[in-house]
Amino acid sequence: MRSELSEQQFNTWIRPLQVEANGEGLRLLAPNRFVVDQVNAQYLARLQALADELSGGPVPVSAAVGSLTERNPAPARAAAPARPQVTAPQVPMPESRLMREFTFDTFVEGKSNQLARAAASQVAENPGTAFNPLFLYGGVGLGKTHLMHAIGNAVLARNPNARVCYVHSERFVGDMVRGLQHNTISEFKRAYRSLDALLIDDIQFFANKDRSQEEFFHTFNTLLEGQRQIILTCDRYPKEVDGLEERLKSRFGWGLTVAIQPPELETSVAILIQKAHAEGVELPDEVAFFIAQRIRSNVRELEGALRRVIATASFTGRPITMDSCKEALRDVLALQDKLVTIENIQKTVAEYFKIRVGELLSKRRSRSIARPRQIAMSLAKELTRHSLPEIGDAFGGRDHTTVLHACRKIKELRETETRVDEDYKNLLRTLTG
Amino acid sequence: MTPESTGQLPLDIGLDVEARFDTYYAGPNGAAVAALNAPAAPGVWLSGARGSGRSHLLQAAVASQPAGHALYLPLRMGLPATAVDGLPADAVICLDDIETIAGDADWERALLVLYERMLEQGGRLIISAPARPADAGFELADLESRLSALSLFRLQPPGDAGQLEALKMRAEARGLRLPDETARYLALRLPRDLAVLFDWLQLLDARSLAANRRLTVPFVRDVLRAEGV
């Protein structure tokens, strides 16, 4: 089958399939409905023929959504441990979905987040009583989700029987829609309304979803009346979320609303050092400062940059230094590849040497023109993907051997004449930004 | 002959080389290949110009995983956002050319949900785009921010010597013998773009098979001339 399809078709539709043999034939387990539909429409007949051929007789082949691991499920990474159900034995214990690594210990405190951190600690110690709901808001990647998980983990640490559930608002909506589709909405309601602490991330995604807002409104009221803790995060102050019902906005303000600001430099440095430490990596202070100074927007981007630096050091087997960090960060900080054209090179070189583009393209062979022309050809070879004949054509219809000669000449001159090397580097910098 | 006319040729003459790590010329991109071979959570973002081998590497990452534990989705195919619904969140999921769905609200939300689920269940997301997340054109700041936590690698062009090596490696993987002088001849006359060079190699493979000729410089010169180069 593999030899009959392109790599892309094979990797997209066939490779994700798992095969299960049952008494009636072969079942191909696909990751989702979309893949099943594609397999049924495009490949099932051929797969059927192959199965018949290989087994020497007819073997029914069918495709369905599923996975072999589902039949032997591994415990979910952050699933709540099995424990006796005390608070509401009639409802199964929900999956907490908490990230174990997001705790108060791993949260780096600074001026930008200390108020939120203090409020979160209070809530973790007295869930359902102090600050209910706790509403954390701020830009993306500043630690709202981390604090939320930290509260959940602390609540569970104090009371392993507590029913705590973290859910992203998009998932809440998705679960509800599935509940409606599969006629299980009452289970959905019971599951959410039986919690001791409900943690909903990014509630701005409820905007304009009236049915979800209504369901959430009732869940919210039930939990609040039962003195169960609600923690919400959002990218902005509740009143500023467009498309959210007024009654919800007003309830969000009943507890405590706290902002998280972007981390100041020192906090960013501390975050980097702590994350590197957690990975078992020694990050020199100067490197941490270097990264923190250049990436100021949010913590996730800091993490991405750090991962890249660590990956490079791990690949080369060398310790992290300023040099290795700069090399790795060139990727992270680099802007989109600039489109450098031969025309642009000619214009820039002509301006730099104060000559006209027409002269660059002319037959004139005086050094004041020929040298810039050679530099421009050399830059065109380095910065564009045009073939040498194409570059020759663009410089007044010259042969590709002339271009080759120019490139060799400039390479040689850059090694012997500082001035030529400086000119070349200056132009390279100008052209690549 | 214009650069456009030496662009990728619309050929359909059999299979191309299997996309695996060992058929990719790593050159200056060894760290990226290593990171894809054993992707750390939450995953890897691979940027680079057209022809830098992003699709090859993503498919190699899928091929290196056991069956059923990895999936490759070429987003330029125009798949609907439902294509990622319910994908196994503990798997390796490779999304090629993510910029093609940037700005599509349904897709961006679907990816946000997928990312959250993968973070929870320990999956790895491998994404390719011409640029970094901040320049991919996402509308949803929450998605852009999450994807900026991936390890970013920007594929570097192989350079002249590397290009020759890559061309020879590709020929070898196709079972072709490409003499040094022929490789140099091609590199001097064709656009210095690996994707284009590989397309020409595919064409030369077919022509040499049809003519029962080896890839000598005179034979290659004739083919190039016949194609207008």
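# Notebook: salt bridges and the A–B interface

I searched the whole structure and got 33 salt bridges over all chains; the rule I used takes a side-chain nitrogen of Lys or Arg within 4 Å of a carboxyl oxygen of Asp or Glu. This is a predicted model, so I note that local features need pLDDT of at least 70 and side-chain atom pairs count only at pLDDT 80 or more, while totals for chains, interfaces and linings use all residues. Residues are numbered from 1 along each chain as its sequence is written, chains are lettered from A and ligands numbered from 1 in the order in which they are written, and side-chain values use heavy atoms, with hydrogens and water left out.

**Inside chain A**

I started with A:R33, which pairs with A:D37 in a salt bridge, closest N and O atoms 3.3 Å apart. Both sit in helix α2 (residues 33–55) of chain A, four residues apart, about one turn of the helix. For helices I went by DSSP runs of H or I with at least four residues, for strands by E with at least two, numbered from the N terminus. A:R33 comes out partly exposed at 49% relative accessible area, and A:D37 is partly exposed too, at 39%. My cut-offs: buried is under 20% relative accessible area, exposed is over 50%, and partly exposed is in between (1.4 Å probe, protein chains only).

Next I looked at A:R97 and A:D175, whose side chains meet in a salt bridge at 3.8 Å, N to O. This one links distant parts of the chain: A:R97 is in the loop between α3 (68–71) and α4 (114–125) of chain A, and A:D175 is in helix α6, 78 residues away. Buried or exposed, I wondered, for A:R97 and A:D175? Both are buried.

Then A:D421 and A:K425, with their closest N and O atoms 3.2 Å apart in a salt bridge. They are about one helical turn from each other, because they lie four residues apart in helix α19 (residues 418–432) of chain A. A:D421 counts as buried at 16% relative accessibility, whereas A:K425 is partly exposed at 40%.

**Between chains A and B**

I took contact as heavy atoms within 4.5 Å. On that basis 61 residues come from chain A and 71 residues from chain B. The buried area is about 5500 Å², with carbon and sulfur atoms giving 52%; this is the accessible area (1.4 Å probe) that two parts lose on being put together, summed over both. In chain A, the residues losing the most area to chain B are A:R15, A:R300 and A:R385, together 13% of what that side buries.

How many salt bridges are there between chain A and chain B? I count four. One of the pairs I checked is A:D202 with B:R146, at 2.9 Å, N to O.

Several elements of chain A supply at least two residues each to the side that touches chain B, including α1 (7–14), β5 (164–168) and α18 (400–416). α12(A) gives the most, with eight residues.
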